[in-house]
Amino acid sequence: MSIKTIDPNSISIPDLQGYLQAAVAPRPIAFASTLDKEGQINLSPFSFFNMFSTNPPILVFSPSRRVRGNSTKHTLDNVLEVAEVSINVVNYSMVEQMSLASTEYEKGVNEFIKAGFTQVPSTLIQPPRVGEAPVSFECKVLQVIPTGSEGGAGNLVICQVLLIHVQEQYLDANGRLDTTKLDLVARMGGNWYCRASGDALFEIPKPLLTKGIGVDVLPASIRNSTVLTGNNLGRLGNLEFFPTSEEIATLRTQTEVQAALQQGAEALHQLAKSWIEAGKTEEALKILLLEA
Ligand SMILES: Cc1cc2nc3c(=O)[nH]c(=O)nc-3n(C[C@H](O)[C@H](O)[C@H](O)COP(=O)(O)O)c2cc1C
């Protein structure tokens, strides 16, 4: 495996931006609606965005200084004039219009109108929200922290969520947001986007409540398997208990296990792999230990 090592000071800012944006991805998109002090509305997307705290609920996004010309974006100017923002999440059905709204229109141009989005009045803040967005956050801006003064510098807009609006069609039977219905999009490097739906979505049991045994305690023949992948080992290491020798022995009688044992270690590992991928992780570890 050959590695290219890059000193950020040795390449141009656009090249550096290219590496950072392709590698730090997928990034969620804050579709930010703001006002200037004259009350003119602005709407722009920002993928330097995330949540950083639940109590209090804090979102942060970053309008950068332009690399070319070092000018600032209207969104930054606006939050410094009126410390309020409506942050809207973006799903697949909004993505082309959202992209259009990122056009660098001159000051005073309302991108809700340009991009054809519905302006819905907010309850506690002045900037309107995007009617098409599955979820919108009414926020007050607590602080703006510049990360530098040159082109490419960020400005961390630290926002406290005051009110959340959720379109009910995206809720499940328990009233929680349903990830499979949201169909959110995220930004990658270059012009790439990513759609959180279909095969792109998968679940992993959380190790938060349980303490996994760890990959390190698995026998070397399992850890160094040429069949099992890193993901397979991660699942095995996430099990809470090592099976007892009686539990292991009970599996020896199964016909498909016997057949695999007769064919050798590789066949057994293939069988275990198929069981792990079918969610039968405990059983998979038992048969792997038959051979180990
Ligand atoms: C999906 C997407 C994500 C973007 N993320 C950012 C970002 O995080 N920071 C940034 O400065 N510009 C980002 N841009 C570019 C801005 O949206 C663009 O410069 C916009 O015109 C700024 O508008 P304004 O000057 O009205 O605030 C993004 C554009 C798109 C399409």
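A strand, in this text, is a DSSP run of type E with at least two residues, and strands are numbered from the N terminus. With that in hand, let's walk through the structure above, which is a predicted model.

Start with the overall layout. The protein is divided into two parts, domain 1 (8–197) and domain 2 (215–291). If you find the C-alpha centres of domain 1 and domain 2, you will see that they lie 46 Å apart.

Now look for the open spaces, beginning with the second largest pocket. About 670 Å³ of space lies in this pocket. It has 28 lining residues, and the closest to its centre are Pro28, Phe49, Val89, Phe137 and Leu184. Several elements supply at least two residues each to this lining, including strand 1 (27–28), strand 9 (135–146) and helix 5 (179–182). The largest share comes from strand 4, with five residues. Sorted by class, the lining of the second largest pocket has 23 nonpolar, four polar and one charged residues.

Next, turn to the largest pocket, with a volume of about 1,400 Å³. Here 42 residues form the lining, and Gln17, Gln21, Phe48, Ser64 and Lys73 are the closest to the centre. Two or more lining residues come from each of helix 1 (13–23), strand 3, helix 2 and helix 3 (95–101). Helix 1 gives the most, with six residues. By class, the lining of the largest pocket has 18 nonpolar, 16 polar and eight charged residues.

The largest cavity holds about 50 Å³ of space, and its lining is made by Asp36, Gln40, Ile41, Asn42, His74, Asn78, Lys107, Gly108 and Val109. Strand 3 (41–46) and helix 2 (74–81) are the elements that give two or more residues to this lining. The lining of the largest cavity has two nonpolar, five polar and two charged residues.

Finally, find helix 9 (residues 255–263) and helix 10 (residues 265–277), which pack with their axes 7 Å apart at an angle of about 140°. How does that angle classify the pair? Helix 9 is oblique to helix 10 because of this angle. From helix 9, the contact is made by Glu256, Val257, Ala260, Leu261 and Gln263, while helix 10 brings Ala267, Leu268, Leu271 and Trp275. By class, the contact of helix 9 with helix 10 has seven nonpolar, one polar and one charged residues.

Key: Residues numbered from 1 in each chain as written. Predicted model: local features only at pLDDT ≥ 70, side-chain atom pairs only at ≥ 80, totals over all residues. Heavy atoms only, no water. 1 Å grid on protein atoms, 1.4 Å probe; cavity = no way out; pocket = protein on both sides within 12 Å on 5 of 7 lines; lining within 4 Å. Points joined across faces, edges and corners; volume = space filled by probe spheres on them. Helix = DSSP H or I, 4+ residues; strand = E, 2+ residues; numbered from the N terminus. Nonpolar A, V, L, I, M, F, W, Y, C, P; charged D, E, K, R; others polar. Domains from an automatic or database assignment. Axes fitted to C-alpha atoms, helices over the stretch in contact; angles between N-to-C directions. Parallel < 35°, antiparallel > 145°, perpendicular 65-115°, else oblique. Contact = heavy atoms within 4.5 Å.
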